[in-house]
Amino acid sequence: MGYTIVYTQVLDFFPYLVRGALISLQIAILAFFGGMFFGLIFATIRTFGNRLMNNLVICYVTFFTNTPQLVQIYFLFFALPEVGILLSPFMAVLIGMTLNAAAYLCEIQRAGFLSIRQNELDAAKTLNFTLIQQVKYVILPHIMKVLFPPLSNHYIIMTLGTSMAAIFGVEELTGRALNINSETFRSIEVFSLTALIYIVITFIATFLLALIGRYFFKAKMRIIQ
């Protein structure tokens with residue numbers, strides 16, 4: 001009982017935590033854009049592909065959206081070595097988060113495809129727009145306006161989700177917080193400071209994404225939540 005909060009004992013570790021936050025951001029950004037790339041391919045198949053390919057993508061999305069992401073990473077890290085595939089903790093987390101993101105981003109991007117109104121495409125054809133002009137002036141602006149808010153929200157969720165990397169020994173923000181706690185035993189100070197860094201990261205990301213969405217894609221996003 002008698003616990004005295006003393007932040008001076010952990011503030012010296014602040015630069016160490018910030019470097020861990022940069023690793024968290026690295027994982028989140030790589031996994032997000034990797035997931036977005038594969039998600040776009042899957043969304044295209046779901047929208048325009050044949051029945052066989054469509055069913056395969058449905059199975060993929062169903063599996064990855066109905067099993068815990070942590071279990072998926074456990075499989076990559078602990079099960080694959082049984083068949084001779086060894087992944088570093090960083091790569092296991094990155095691949096796992098990318099595969100998981102691809103499933104969710106597939107459905108998000110597919111919704112963007114389905115939101116395009118046929119009369120907009122018909123109007124573009126009436127104006128003799130080429131296919132490239134249709135994509136540039138009709139399809140992409142509409143899709144980005146619709147998709148940017150949910151894509152931004154998913155990125156924020158993924159940034160916070162990088163904390164699970166600590167379980168596998170990756171020294172991102174949470175992993176470094178655990179290291180500091182084991183050395184100083186100042187749990188309140190360490191984890192409250194870590195939480196504050198997460199808040200700052202997500203606030204800055206939310207602010208920047210809202211600015212980009214509002215002023216580049218005319219998306220309806222609040223800059224301050």
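Me: What percentage of the 225 residues of the chain count as buried?
Reply: This is a predicted model, in which local features need pLDDT of at least 70 and side-chain atom pairs count only at pLDDT 80 or more, while totals for chains, interfaces and linings use all residues. Residues are numbered from 1 along each chain as its sequence is written, and side-chain values use heavy atoms, with hydrogens and water left out. Buried means under 20% relative accessible area, exposed over 50%, and partly exposed in between, with a 1.4 Å probe and protein chains only. Of the 225 residues, the share that counts as buried is 42%.

Me: How many salt bridges does the chain have?
Reply: A salt bridge is taken as a side-chain nitrogen of Lys or Arg within 4 Å of a carboxyl oxygen of Asp or Glu. One of them joins Glu 189 and Arg 186 at 2.9 Å, N to O, and both of these residues are buried. By this rule the count comes to three.

Me: Which residues are linked in a network of salt bridges?
Reply: Glu 107 meets Arg 46 at 3.8 Å, N to O, a pair 61 residues apart that links helix H4 (residues 89-114) with helix H1 (residues 14-48), helices being DSSP runs of H or I with at least four residues, numbered from the N terminus. Glu 107 also bridges to Arg 110, with the closest N and O atoms 3.7 Å apart. Arg 46 is buried at 17% relative accessible area, whereas Glu 107 is partly exposed at 29%. The network links Arg 46, Glu 107 and Arg 110.

Definitions and conventions. Helix = DSSP H or I, 4+ residues; strand = E, 2+ residues; numbered from the N terminus.
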